[in-house]
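Before reading the answers below, take a moment to look over the sequence and the structure.

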Amino acid sequence: MYAMRRLQLALCTLSVLSLSYYAAGEGKARSCSDVRQAYSAKGFSLVNVPHQEISGEHLRVCPQGYTCCTSDMEDTLHLQSKVEFESLVEQTSHNMRATFVSRHKKFDEFFLELLDTSERSLNSMFTQTYGKLYIQNSEIFQDLFTELKRYYTGGNVNLEEMLNDFWSKLLERMFQLLNSQYHFTDDYLECVSKYMDQLKPFGDVPRKLKAQVTRAFIAARTFVQGLMVGREVANRVAKVNVAPACVKALTKMLYCPYCRGLPGLKPCHNYCQNVMRGCLANQADLDAEWNLFIDAMLLVADRLQGPFNIEAVIEPIDIKISEAIMTMQDNSMHVSAKVFQGCGQPKPSGIGRSARGISDVFSGRFKHFSHDEKPTTTSGTSLDRLRIVWRTMQHSVIDINEKLRESRRFWSKLPDDICARGVFSELDDEQCWNSHARARYFPEVVKEGLTNQINNPEVEIDITRPDTLIRQQIMALRVMTNKLKNAYNGNDIAFQDSSDEGSTSGSGSGCTEGCTTEYSYVGTQEAPVVKADRSGERPVKAGHPPSHRPSPRLLLVTLTLPLWAMQKDWR
């Protein structure tokens, strides 16, 4: 009996000591005033928020024990973690995404302004030079610019075929003027065009200009499309799909300190990295294809900076065109003889040959200009404006280059950017939240990417189920990278025509003989017909529909249009 009483006394003593320890030290119910203040600052109601710590057996995410969190608080903070993480990713990626948005808009505006300025410049120049003849037939000039703009904005325009068509029509029209004593049917003129490649009536100018023009426009269009694709991919990837396991890990990192009465304590740096690398594992897998895309964009940007320098091109353009026409005139007898031999002898028109000599017909309008003889009034002012726009555009490309380089490895570095020391995580590795208490975080930081998360101690991820949206963006980048590499080599591959869903357009290659590339391209879409004003021309025979052929004088105008954007011998 005595022994039993002694045992009871000992147990009572231990109980009193335990209660005393609880009241004086670690077990004391601490105040939750700091937590209430921080919780209220988040905009949440303080109703049912305890003033002192309570038992935490009800907690499902945060460490159980004495806590300042109720079940409702933990649920609220769980949802808040998801919202804040989504916002955090969007904020961290904002500058990069804004770069693609603003630079796409800027480049697009500059390029279209360059086209508009070129159109106004040449319209002014040729109105002054060719007068009424040009004004009456300016529709073909406008149509060509329309097609160039439509190509640039993604339309079904085959540049190579379009330029081939213009040269063929120039041959047809000049052939008629040089042989005005004959009458030519549409079928006969079509036969004339077939001798374009064989006779080369304009010398080597059409081949060179075609290569230069197609390369310039292919590069510009592909570059602006690349900016658009980069913008769309970045915007989609920045809207993260937060998995439940990630939300749980985020809650534990961001708000379990609240429940422990430490609302101001930031996570340990390595702890933050593990959580973020787990939550952003799929985004990191985008990085490899993203870097290839950025590298391809930089290659095309280099083309736009150097080889398409307007000042190296604009001076000799009119000389080149006039040389082509003079070559046709000089070879007119040989060309006519070969055509008559191949297509047959045409019927006399019944109208005598013009009293003016053939040389008068052309030399009055198409003559060689030396550099000193070029227009210097209104058209000269317009050309100066054209140069200013081009230089501004080149500066824009340089700016885009710098921003593109900064965005390399963006997605794999995103967890590190978010977990910046002193901003989102603690500077002191000893005084930080390690998921349980204020202490050092010991686990190692896992590598980026989905497969590496099998060893992540903080986020449980099924590495066999990659994010479908991310995989779609990887494929979009892969397709765009292929287009950019083709554009770098002067080739175009199929683009979707926004005005004709379901159809694709292939544009011709800028490659000349000896140009090789490891990428294939498509060139099947026919170029649209460009119509010219036929007012004032003689009627055609019944049964023969009128053909729309531009004046050779006007083709001198049209062929100069896209040439502000290419270099004389770009290889």
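**Cysteine pairs and confidence**

Cys191 is buried, and so is Cys343. Both belong to a model that is predicted.

Q: Which residue does Cys191 join through a disulfide?
A: In this predicted model, the sulfur of Cys191 lies 2.0 Å from that of its partner, and a pair counts as a disulfide when the sulfur atoms are within 2.5 Å. Cys191 sits in helix α7 (residues 186-193) and the partner in helix α16 (residues 332-343), 152 residues apart. The residue joined to Cys191 is Cys343.

Q: Is the link of Cys191 and Cys343 left-handed or right-handed?
A: The handedness can be read from the angle about the S-S bond, which is -90° for Cys191 and Cys343. With that value, the link is left-handed.

Q: How many residues apart are Cys69 and Cys259?
A: A disulfide joins Cys69 to Cys259, with an S to S distance of 2.0 Å, and the pair links distant parts of the chain. Cys69 is in the loop between β2 (66-67) and α3 (71-92), whereas Cys259 is in helix α11 (residues 256-259). The separation between Cys69 and Cys259 is 190 residues.

Q: Are Cys69 and Cys259 buried or exposed?
A: Buried stands for under 20% relative accessible area, and exposed for over 50%. By that cut-off, both Cys69 and Cys259 are buried.

Q: Why is the disulfide of Cys246 and Cys279 described by the handedness it has, and which one is it?
A: The sulfur atoms of Cys246 and Cys279 are 2.0 Å apart, and both residues are buried. Because the torsion about their S-S bond is about 115°, the disulfide of Cys246 and Cys279 is right-handed.

Q: Which helices hold Cys246 and Cys279?
A: The pair ties together parts that are 33 residues apart in sequence, because each cysteine lies in its own helix. Cys246 lies in residues 244-254 and Cys279 in residues 269-279, which are helices α10 and α12.

Q: How many contacts beyond four places in sequence does the model have for residues 354-379?
A: Over residues 354-379 the pLDDT stays under 50. Where pLDDT is low, the predicted coordinates should not be read in detail. With that caution, the number of such contacts in the model for residues 354-379 is 45.

Notes:
Residues numbered from 1 in each chain as written. Predicted model: local features only at pLDDT ≥ 70, side-chain atom pairs only at ≥ 80, totals over all residues. Heavy atoms only, no water. Helix = DSSP H or I, 4+ residues; strand = E, 2+ residues; numbered from the N terminus. Buried < 20%, exposed > 50% of the residue type's maximum accessible area, 1.4 Å probe, protein only. pLDDT = per-residue confidence, 0-100. Contact = heavy atoms within 4.5 Å.
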